[in-house]
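Biologist: I have not looked at this one before. Can you put it on screen and take me through it?

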Amino acid sequence: MARTTSDIVIDAPADTIMDVIADFGSYPGWATGVKAADVVDAADGARAKQVHFILDATPIRDEYDLGYTWDGNKSVSWSLVEKGSMLKSMDGAYILEPLDDSRTRVTYQLAVDVSIPLLGMLKRKAEKVIIDTALKGLKKQVEAL
């Protein structure tokens with residue numbers, strides 16, 4: 001499954017950005033379409049291993065669980081562990097690259113497969129919109145801190 005990728009520079013250190021990414025309860029406030037994000041499994045009070053999402057991003061409305069793998073403040077990747085009614089698969093990652101003490105390049109990679117047929121070009125365009133919207137929301141959330 002090919003991944004769609006985009007990046008943005010955020011005026012904050014990597015640890016601050018990763019703290020916002022790991023704060024799933026705040027997602028409905030900044031991640032477009034996310035109505036709820038509830039941690040299902042956290043490793044002994046550490047960052048979440050599994051999160052249940054309720055998504056309402058027209059035309060996709062679904063509930064699903066993502067499993068997360070964290071590499072400190074360098075990256076986090078996820079994949080679909082509990083399918084929804086529309087999502088057949090989802091794999092993604094945030095990769096953080098410090099540029100200096102106060103700026104970080106955040107790269108978002110995403111591959112999604114849905115149960116409704118979509119041409120490859122339309123699927124990649126939808127992934128690109130999801131990625132760009134998420135990166136802008138993340139930047140706004142982090143820089144408002």
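Biologist: How many salt bridges does a search of the whole structure find?

Modeller: The search finds 8 salt bridges, a salt bridge being a side-chain nitrogen of Lys or Arg within 4 Å of a carboxyl oxygen of Asp or Glu. This is a predicted model, where local features need pLDDT of at least 70, side-chain atom pairs count only at pLDDT 80 or more, and totals for chains, interfaces and linings use all residues. Residues are numbered from 1 along each chain as its sequence is written, and side-chain values use heavy atoms, with hydrogens and water left out.

Biologist: Which residue forms a salt bridge with Arg105?

Modeller: Asp7 does, with the closest N and O atoms 3.6 Å apart. The pair links distant parts of the chain, 98 residues apart: Arg105 is in strand 7 (residues 104-114) and Asp7 in strand 1 (residues 4-10). Strands (E, at least two residues) and helices (H or I, at least four) are DSSP runs, numbered from the N terminus.

Biologist: What about Arg47, which side chain does it meet in a salt bridge?

Modeller: Arg47 meets Asp19, at 3.5 Å from N to O. Arg47 sits in the loop between strand 2 (34-42) and strand 3 (48-57), while Asp19 is in helix 1 (residues 14-22), 28 residues apart.

Biologist: Is Asp19 buried, exposed or partly exposed?

Modeller: Asp19 is partly exposed at 48% relative accessibility. Buried means under 20% relative accessible area, exposed over 50%, and partly exposed in between (1.4 Å probe, protein chains only). Arg47 is also partly exposed, at 23%.

Biologist: Change of topic. Where does Asp65 lie?

Modeller: Asp65 lies in strand 4 (residues 60-71). Asp65 is buried yet has no salt bridge. The nearest side chain of opposite charge is Lys49, 13 Å away; Lys and Arg count as positive and Asp and Glu as negative, with His and the chain ends not counted.

Biologist: Which residues is Asp65 in contact with, leaving aside neighbours within four places in sequence?

Modeller: Among them are Val40, His52, Leu80 and Glu82, contact meaning heavy atoms within 4.5 Å.

Biologist: And the whole protein, how many helices and strands?

Modeller: There are 3 helices and 7 strands, in the order β-α-α-β-β-β-β-β-β-α along the sequence. The radius of gyration is 15 Å, close to the 15 Å from the globule rule for 145 residues, so the protein is as compact as a globular protein of that length. That radius is taken over C-alpha atoms, and the rule is 2.2 Å times the number of residues to the power 0.38.

Biologist: What share of the residues is buried?

Modeller: Buried residues make up 41% of the 145.
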